[in-house]
Amino acid sequence: MIEFRDVRASYDGRIPILKGVDFAIGQGEFVAFAGTNGAGKSTAMRLINGLLKPDSGQVLIDGVPTTQLKTSELAHRVGFLFQNPDRQICCGTVREELLFGFKALGELDAQAEQRVDAIIERFGFDPDADPFLLNRGARQLLALASIVVLETPVVVLDEPTTGLDFRECVKVMEVISQLHRAGTTVVMVCHDMEVVADFAERVIVMSEGRVVDQGSTFEVLRNPRTLEEAHLVPPQIVDISLALPLMDARLAESPVAAADTLNEMQVAVETMAGRAPVGGFVLEEAAERLQGAPGPQELQPPAVPVPSDSKEVLR
Ligand SMILES: Nc1ncnc2c1ncn2[C@@H]1O[C@H](COP(=O)(O)OP(=O)(O)OP(=O)(O)O)[C@@H](O)[C@H]1O
Ligand SMILES: [Mg+2]
């Protein structure tokens with residue numbers, strides 16, 4: 001359990017960065033943080049892992065204020081992936097990198113080596129490769145693997161997919177979603193609302209050092225005020241669900257023209273429903289509305305009655 005109680009924080013003790021932040025994240029949840037650049041998301045993440053302490057208010061991990069937890073105690077509870085993997089990676093080989101967390105905790109034993117070997121196998125890493133010569137996606141996977149291997153009950157991931165191509169993004173999210181399925185609490189900062197919609201059960205939206213909205217992914221991402229305030233581009237599925245009620249009027253006005261749009265929406269919803277439906281994103285509502293809408297057959301243009309004399313000609 002992670003809890004922020006009226007947290008105010010700064011880097012220099014003067015300029016306020018977090019201006020009274022409250023939220024709670026339960027065990028095993030998958031929560032995404034979204035919001036504008038400079039909103040304070042990374043700062044909030046640093047407070048969770050104890051890199052930064054609040055000026056006032058409390059950050060509690062399992063009911064204990066981070067100010068009372070030793071760095072090693074926090075490291076056992078929270079794994080942290082930095083916004084930039086290059087800030088994380090510091091060793092000469094992939095294997096050393098994966099062992100680093102255990103070394104830092106003074107827990108480099110046979111069991112740790114076994115866990116590292118298992119993760120090398122699982123991720124298909126070359127243990128002797130130089131981490132800095134890997135491409136961006138592979139470096140990100142290595143940074144993520146070095147967190148996964150520690151098996152902390154909470155992982156905090158600051159923009160784990162930023163800068164990755166689609167294939168690498170899928171790989172990274174698959175690892176994260178496996179962690180969540182295994183019971184790990186996942187806290188993820190993410191600017192890509194498609195990724196958030198596909199994976200997060202809940203979203204906390206920040207703007208200018210404050211939480212401006214929080215709730216289930218679908219509810220938050222279809223709130224026009226939230227979208228505007230935090231400059232969020234809603235995922236396609238939300239666009240569709242927002243557009244659906246407008247289709248009633250269009251259907252009444254010109255059923256044939258509306259049919260194409262509805263069919264496109266239907267295909268989009270089906271495609272999205274078929275995509276790995278991880279997390280708690282609600283597709284049902286959009287699908288339900290579409291079900292009630294007329295199908296393509298019902299929207300065929302009415303047959304134009306052929307004049308009786310032309311029937312003769314046609315014969
Ligand atoms: N180490 C630091 N020292 C001083 N100020 C900082 C430091 N890191 C961040 N800030 C400031 O704190 C504010 C919030 O930054 P933060 O990195 O938490 O935002 P963010 O929501 O993560 O933004 P982004 O989406 O761009 O990553 C910004 O105004 C930033 O300039
Ligand atoms: Mg950030």
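I will start with a strand pair: β6 and β7 run parallel and are joined by four bridges. Strands count as paired here if DSSP finds at least two bridges between them. The names come from DSSP runs numbered from the N terminus, with helices being H or I runs of at least four residues and strands being E runs of at least two.

Before going on, the conventions. This is a predicted model, in which local features need pLDDT of at least 70 and side-chain atom pairs count only at pLDDT 80 or more, while totals for chains, interfaces and linings use all residues. Residues are numbered from 1 along each chain as its sequence is written, and chains are lettered from A and ligands numbered from 1 in the order in which they are written.

Now the chain as a whole. Its secondary structure comes to 13 helices and 10 strands. Of its 315 residues, 36% are buried. A residue is buried if 20 or more other C-beta atoms lie within 10 Å of its own, exposed if 12 or fewer, and partly exposed in between, with C-beta atoms placed from the backbone. Among contacts with a separation of 6 or more, 64% are between residues 24 or more positions apart. A contact means that two C-beta atoms, placed from the backbone, lie within 7 Å.

How many residues of β7 are buried? Five of the five are, so β7 is largely enclosed by the rest of the structure. On one side of β7 these are V154, V156 and D158, and on the other V155 and L157. β7 also runs parallel to β8, and five bridges join the two. Within that pairing, V156 has V187 of β8 as its bridge partner.

There is also an open sheet of four strands, antiparallel in its pairing, in the order β2-β1-β4-β5. Its edge strands are β2 (16-25) and β5, each of which pairs on one side only. Two bridges hold the antiparallel pairing of β4 and β5, and I61 has V64 in β5 as its bridge partner. The loop between β4 (56-61) and β5 (64-65) contains D62. D62 has a positive phi, near 50 degrees, and is not a glycine. Most residues other than glycine have a negative phi. D62 counts as exposed because 12 C-beta neighbours lie inside 10 Å. E151, in the loop between α5 and β7, also has a positive phi, about 55 degrees, although it is not a glycine. With 13 C-beta neighbours inside 10 Å, E151 counts as partly exposed.

Next, helix α6, residues 166-181. Its 16 residues reach 22 Å from first C-alpha to last, close to the 22 Å expected at 1.5 Å a residue; the expected span is 1.5 Å times one less than the number of residues. Which residues of α6 are buried? They are V172, M173, I176, L179 and H180. Seen down the axis of α6, these buried residues fall within an arc of 110 degrees, so they line one face of the helix. The arc is that of the directions from the helix axis to the C-beta atoms. They pack against β3 (30-35), α5 (136-148), β7 (154-158), β8 (185-189) and α7 (193-199). R167, E174 and R181 are exposed on the other side of α6.

E168 also belongs to α6 and is partly exposed, with 17 other C-beta atoms within 10 Å. Leaving aside residues up to four places away in sequence, E168 touches G137 and Q140. G137 is 31 residues from E168 along the chain, and their C-alpha atoms are separated by 5.5 Å. After α6 comes G183, with a positive phi near 105 degrees.

Last, the ligand. The shell around ligand 1 consists of Y11, I17, G35, N37, G38, A39, G40, K41, S42, T43 and Q83; a residue is near a molecule if its C-beta atom, placed from the backbone, lies within 6 Å of it. Which helix gives the largest share of this shell? That is α1 (residues 41-48), with three residues. By type, the shell has three nonpolar residues, seven polar and one charged. Nonpolar here means Ala, Val, Leu, Ile, Met, Phe, Trp, Tyr, Cys and Pro, charged means Asp, Glu, Lys and Arg, and the others, Gly among them, are polar.
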